[in-house]
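Let me put the sequence and the model up, and then I'll talk through charge pairs and packing.

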Amino acid sequence: MEEKLKQEPSDIIKVVLFGPESTGKTTLAKQLAAHYKTAWVPEYAREYLQDKWNKEQKTCEPKDLLPIAIGQIELENQLTKEADTVLFCDTDLLETKVYSEAYYIGECDPLLEKYALKNSYNLYLLTNIDIPWEADDLRDKPDEREQMFRYFHDTLKNYHRNFIILSGGKEERLKIAIEHIDKLIKPMIEFSKKDLEQLKDKGISKEKVLTQIETFKEGIPFVNLEKAAIVDDGISKFSESEQNDLIANFEDSRKRLSLLKFVPASGAASRMFKAMFNFIDSYKPSKESLDVYLERTGDKDVKQFTDGMKNLPFHDLIFDRIAEKADSEGEIAYHFVKEMLEEDGLNYGFYPKGLLPFHKYDSGSATPFEEHLKEAALYAKTEGKANLHFTISEQHETMFKAEEKNSGPKVSKSNNTTFDITYSNQKPSTDTLAVTVDNGPFRNPDGSILFRPGGHGALIENLNDQDADIIFIKNIDNVVIEENLSAVSDSKKVLAGLLIRQQAKAFEYARLLDTEQITSEQVAEISSFLEKELNVKIAEDINGKSNAEIIKILKDKIDRPIRICGMVKNEGEPGGGPFWVKGADGTISLQIIESAQIDMNDTTQVAILKNATHFNPVDLVCGIRNYKGEKYNLLDYIDTKQGFITGKTKEGKELKALELPGLWNGAMAYWNTIFVEVPLVTFNPVKTVNDLLKPTHQV
């Protein structure tokens, strides 16, 4: 049965005519098929139900929906083989799902729903109700057109489908539809057979590439900041007794929960040593002293480094290796940096950050990898076992596993903890297209298309492959020395305790909403919880709606992954921050926003930015399951319009690169979000080697 609802793989562009009955879908499908000289898929339900009406004088019943869905996909798969470039579908399973819910009090066969959401299309043409109703044997809701249109519109919006609304007469609708479809088709001319083979090898669909080209053409809009999130208006702050209660809540619950610590660790250390690479390229100790060089260049980074060199965790190791090579202060600094970075030395410039010595103890130095194990033993352990997952670069996998063998047993023994450590790499399918200044694919000298890593936002796919009741997320370079471990652990437990408490309420309400037997008082109670405790603005969404519509809205709002995000007071460190943001549809939500997403030429937006009191230390605790224990598909909650377009050069040629929405920015945009103030001691990132000289990294 399930196989019959699957789309067969195809490179054909698929466009769906979507909307209430008697809104011109079939007429437009025929017009578009004629214009593009291709096939179109009729609505199988009309043939099926007309036959039923003729025989039984009955309209659609719930038992008919699955056979209709199977017939529709069978027809689509058949006509896909006959189509040229583009196929027009006069409905899809998502429309069948809408009718199922609208006519049968929210019920939809689980199998039908699964493939309604899984099957994919390039564009939906949502037909408006501004044309006259035409009656026939099967149409029966002439008085509910407005309500049904809202239902169709909200479905496309809620499931993040690419759609446009078509209004006006036949010619106007046809013209607008053609303009949008041409945008999808035009770039296809540029792809050769070799290009398509390259896409297949990387696991990237042509549809995805075309969408990225459109993103380059349209640009990525700046976010619209509504106001900064501050304590008591978007950021919660707990008293000591409240924190103790939340910690106790976590401790009481942890034995029956699966816990996982997720550590993005793919970052190479090359950026960390950028100033030092510049130093050995530009400084010649045989020609000038270090003091003269520093006076001449005004290089504050090198001065800070050389002044504090003795406090680096790897100072003694390097100094022993260069002792015979250098006499003067300048020679010592020069050879120290060379030994630290270059391939015939320690080669730290190649290392991933997670494997560099960060802290020096009496027992020896410790890497961030080791420090994360120590943390996990305190707050991510159940029944003596802690689970960790590191996202790493493929080239560093052997090095990470060697460090696991080195530090794992040591930490395991001292913390009475066994560790289950897994790794993953950023998927090639998350690489993004690079384009020329004219938005065509940028090509390498061999003619192949240039793809670039999609940034840390690509890791949402790695996160989506994990499954646990609670997932702690923290960057690899944000670690503390042992004396601060207890404070960090308590802070994490506060966030996890809050997640457990709020998730329990959300689960209770989601379960109640599924019964669809709720009172107006319960609607008010759920709405209050969403607005006051989950920061979800819903008042305008439910005004004037029917009870069934309100239930549907509340279900959608509450049935989402939850993230609790630690926020630290802003003390001048770079990084994203917490804001109330207004979306394109007018929805206001809590988001973590980077400065690059803000229009710095807009004085109002800049003023809001300056009002920010906190920033994001990447300290997240996540709940990714619903009340039934089913894991959410996290890819359904991404705002693709929160990526970045940057200018680059390759071999002297300009190009534009696309960075995917950040893991804790746009990749989690449609999660339910709670911000909590956490102690500054929990935030100790190492962005440059000089950060290791800060007191927080000195033992």
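**Salt bridges and cores**

So, the count comes to 39 salt bridges, where a salt bridge is a side-chain nitrogen of Lys or Arg within 4 Å of a carboxyl oxygen of Asp or Glu. Quick caveats: this is a predicted model, where local features need pLDDT of at least 70, side-chain atom pairs count only at pLDDT 80 or more, and totals for chains, interfaces and linings use all residues. Numbering runs from 1 along each chain as its sequence is written, and side-chain values use heavy atoms, with hydrogens and water left out.

Look at D477 and K353, with their closest N and O atoms 3.0 Å apart. D477 sits in the loop between β17 and α19, K353 in the loop between α15 and β10, so this pair ties together parts 124 residues apart in sequence. (Helices, H or I, at least four residues, and strands, E, at least two, are DSSP runs numbered from the N terminus.) Both partners are buried, meaning under 20% relative accessible area; exposed is over 50%, partly exposed in between, with a 1.4 Å probe and protein chains only.

There's also a network: shared partners join E370, E371, K374, K410 and E482 through salt bridges.

Now the packing. The largest nonpolar core has 58 residues, and F390, I470, F472 and I558 have the most contacts inside it. By core I mean buried Ala, Val, Leu, Ile, Met, Phe, Trp, Tyr and Cys residues joined through side-chain atoms within 4.5 Å. Helix α19 gives the most, ten residues. A second, separate core of 33 residues includes I181, I185, F191 and I204.
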